[in-house]
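Please examine the sequence and the structure shown below.

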Amino acid sequence: MLLPAMIHVLRITSLLLLLSLCTCAPPAPAPLFTLQDSAQSGLEFGNFIEEDDTYNILDFEFVYNGGGVAVADFNGDDLPDLYFTGNTTPNSLYLNKGNLQFADITEQTNTAGAERWCSGVVAGDVNGDGRQDIYVSATVYPDPNLRKNLLFINEGNDAEGNPRFTEQAAAYGIADTSHTTQAAFLDYDRDGDLDLYLLINEMDNRLIPNRYVAKRTDGKGRRNDQLYRNDGDQGDGHPVFTNVTAAAGINMDGYGLGLNICDLNNDGWPDIYVTNDYVTNDLLWINNQDGTFTDQAATYFKHTAYSAMGNDVADLNNDGLDDVIALDMFPETNSRRKSMMPPNNYFAYINNERYGYQYQFTRNVLQLARGNRPDNTNQPVYAEIGGYAGIAATDWSWSTLAADFDFDGDRDLLISNGFPKDVTDKDFMDYNIKVGNIASREMLIPQIPEVKIANYAYANDGEPIPSFR
């Protein structure tokens, strides 16, 4: 169903996860995390979702999709600062004061992004001046002026050591209004500056997203991702971006939820991996090294996740090859599977063939890199081992992060999940069909079940074909 990039943030209660070294005896100890509350850290951001008769889970599917977080050193003191995006609440910038103490400097830096429904954020040095800038994705609102993405250019520090920002997305040519879920900087043409890829996800209530229709491949769809090339200084003292989506061959519609810049064919040129929701296939834009891309997802992967959300690309077995993790919403328990999932549909297999869609399955997938194909040294072979690895079922999952949390040399996995109201509950769906046309939203919404399931943390066993516990 969704996420940005990344992190599904319904409410950040300003608690920090602090990693401590464990003194347990071998085998490898599990890492210990402790919580630090806002009174200690100073982090008080909360992405409070205020539902009404327009923005509620029955009329607007994206209402719980959350926001994003960027981590970067914005004032040059070698401490990572934090920028949070919100939906019905303004964004917030927190300056790291050291010792896990943060100060809210949103007001003095003018980075709140008010009157926007912000879905994601990415930090990068856009103009090459050595300072980290902030690019914020905006979406949802019908008025395109309220969907303009924001670019906060870092102008250096003030007398108190706080960074100063000015909003210059329009001047740089990237005040895009295409319902951006998330963005990523990359140097796709390897000319030494940062280009920009936008992940687009617009819900059109006139079109059922799980309906099989002919793929749109002309690059003109409303849910077509966007690629902007950095053309450098055009005389105004800063870079200007040009939309090169069509010329680069980025030409497929989707419901984008996950975005990763990677190099899956190990040729030294950045590729782009996109996880798409619903029947739309995931996209793997392989860089052709001439300013264009070709989607090779069906060539690299035998199948993918169905309602694919967040993803990560990392070497999970230390063989020097990047593996791919993509999330879906397969429950772990039998009761949850029975209550929220429909049976497999034979006609979906027929329609995959008829309309040229890749096979997709409702579970997390782990695409393990197995080296290059014998007949083509530039194309790797991937084996999907999510079930074998033990990470296929983590319920309604949003984002995953691969990192070595227990310091044993192998990358582990954190997977966040959750949805405030379980609109896929089949009992509620039957109830809604019977009374939805006459019952008010005030009556229906309290009837939706609430299910609270813990996030998942997996330790890597370190084997050549990895599994997780």
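The model is predicted: local features need pLDDT of at least 70, side-chain atom pairs count only at pLDDT 80 or more, and totals for chains, interfaces and linings use all residues. Residues are numbered from 1 along each chain as its sequence is written, and side-chain values use heavy atoms, with hydrogens and water left out.

A pair of aromatic rings is described by the distance of the centres and the angle of the planes. Rings of Phe, Tyr and Trp (its six-membered ring) pair if their centres lie within 6.5 Å; planes under 30 degrees apart count as stacked, over 60 as edge-to-face and the rest as tilted. The structure holds 25 aromatic pairs, and two of them are set out here.

| Pair | Centre to centre | Angle between planes | Type |
|---|---|---|---|
| Y255 and Y278 | 5.3 Å | 75° | edge-to-face |
| Y346 and F347 | 5.9 Å | 65° | edge-to-face |

Y255 lies in the loop between β14 (239-243) and β15 (256-262), and Y278 lies in the loop between β16 (271-276) and β17 (283-287), so their pair ties together parts that are 23 residues apart in sequence. Strands are DSSP runs of E, at least two residues, numbered from the N terminus.

Y346 is exposed at 58%, and F347 is exposed at 56%.

Elsewhere, ring pairs link Y55, F60, F62, W117 and Y141 into a cluster. K215 lies over the face of Y357, 5.0 Å from the ring centre; a charge sits over a ring if NZ of Lys or CZ of Arg is within 6 Å of the ring centre and within 35 degrees of the ring normal.

How values were computed. Helices (H or I, at least four residues) and strands (E, at least two) are DSSP runs, numbered from the N terminus. Buried means under 20% relative accessible area, exposed over 50%, partly exposed in between (1.4 Å probe, protein chains only).
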